[in-house]
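My plan is to look things up in order and jot down what I find.

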Amino acid sequence: MNPTQYGKDPVSIHDLRRDENPVGQANPLSRFTFWWLRDLFRTGLERPIDESDIYEPLSSHQSEQLTYRFEDCWKRQLKRDRPSFLAVIRVIYGWTILSKGFLYTSVDSFSRIFQPLCLGGLVSYFAPGQTTIGKEAAYGYAAGIVLCSLLPVMIFHHYILYIFQIGMKIRVACCSLLYKKVSQL
């Protein structure tokens, strides 16, 4: 939308002074529930969101820092016999991607293994003539089914957000390095 529609002077997007990104000050619960986005959501309910409503990028998303880190790693890679830009990406983000992926895979596998076990226990509670499973255990099995369904879903969104951020950082750094290379020619 055009900023003049909201009583503002027409301003270049590069001249805008944006609000600080609230995720930097958010507590862990706010980050987990995305509560730090509530003001942006409220604005979206009142009117369409435009460029001036978007927050400042996080310092870890700034192109200068990303470019410096990639350029430094690339210079070290050039000293090898067969330099590889994929190796640069692997060195910078490989362990973090693997660790987050291992965490998500572990939780998802745990849920997929234990949900049928909980379902079997709950179904056994309703079997005619059974006396070994108590009411409290049946509630425990039901809670286990719910948790095994809910936990992977809650973690999946954060995992995908993290992977998208890594992809954005790689794209920004690569574009910045290409721009530096072309401008030197």
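Before anything else, a term: by contact I mean heavy atoms within 4.5 Å.

**Ground rules.** I'm working with a predicted model, where local features need pLDDT of at least 70, side-chain atom pairs count only at pLDDT 80 or more, and totals for chains, interfaces and linings use all residues. Residues are numbered from 1 along each chain as its sequence is written, and side-chain values use heavy atoms, with hydrogens and water left out.

**Entry: Val88.** I looked up what Val88 touches. Setting aside neighbours within four places in sequence, Val88 is in contact with Phe70, Cys73, Trp74 and Gln77.

**Entry: cores.** Val88 also turns up in the largest nonpolar core, which has 12 residues, including Phe70, Cys73, Ile92, Tyr162 and Leu177. A nonpolar core here is a set of buried Ala, Val, Leu, Ile, Met, Phe, Trp, Tyr and Cys residues joined through side-chain atoms within 4.5 Å. Buried means under 20% relative accessible area, exposed over 50%, and partly exposed in between (1.4 Å probe, protein chains only). Which elements give two or more residues to this core? They are helix 3 (63–78), helix 4 (85–125) and helix 5 (135–184). Helix 5 supplies the largest share, five residues. For the record, helices (H or I, at least four residues) and strands (E, at least two) are DSSP runs, numbered from the N terminus. I also found a second, separate core of six residues, with Val23, Trp36, Leu40 and Tyr55 among them.

**Entry: Val91.** Buried or exposed, I wondered about Val91? Val91 counts as exposed because its relative accessibility is 51%. This residue lies in helix 4.

**Entry: annotation.** The unreviewed UniProt entry puts "transmembrane region" on residues 85–103 and 139–156. UniProt positions are in the numbering used here, feature names are shortened, and annotations may be inferred rather than shown by experiment. In the model, residues 85–103 are 100% helix and 0% strand, with end C-alpha atoms 27 Å apart. Residues 139–156 also come out at 100% helix and 0% strand, and there the end C-alpha atoms are 26 Å apart.

**Entry: largest pocket.** A pocket, on a 1 Å grid over the protein atoms alone, is an open set of points where a 1.4 Å probe fits, with protein on both sides within 12 Å along at least five of seven lines; lining residues have an atom within 4 Å of a point. I counted 29 lining residues for the largest pocket, with Val23, Phe34, Trp36, Leu161 and Gln165 nearest its centre. Helix 1 (28–33), helix 2 (38–46), helix 4 and helix 5 each give two or more residues to this lining. Helix 5 gives the most, eight residues.

**Entry: Phe34.** Phe34 has a positive phi of about 60° although it is not a glycine. Most residues other than glycine have a negative phi. Phe34 sits in the loop between helix 1 and helix 2. With 25% relative accessibility, Phe34 counts as partly exposed.

**Entry: second largest pocket.** Its lining includes Glu71, Trp74, Phe85, Leu177 and Lys181. Helix 3 and helix 5 are the elements that give two or more residues to this lining. Helix 5 gives the most here, with six residues.
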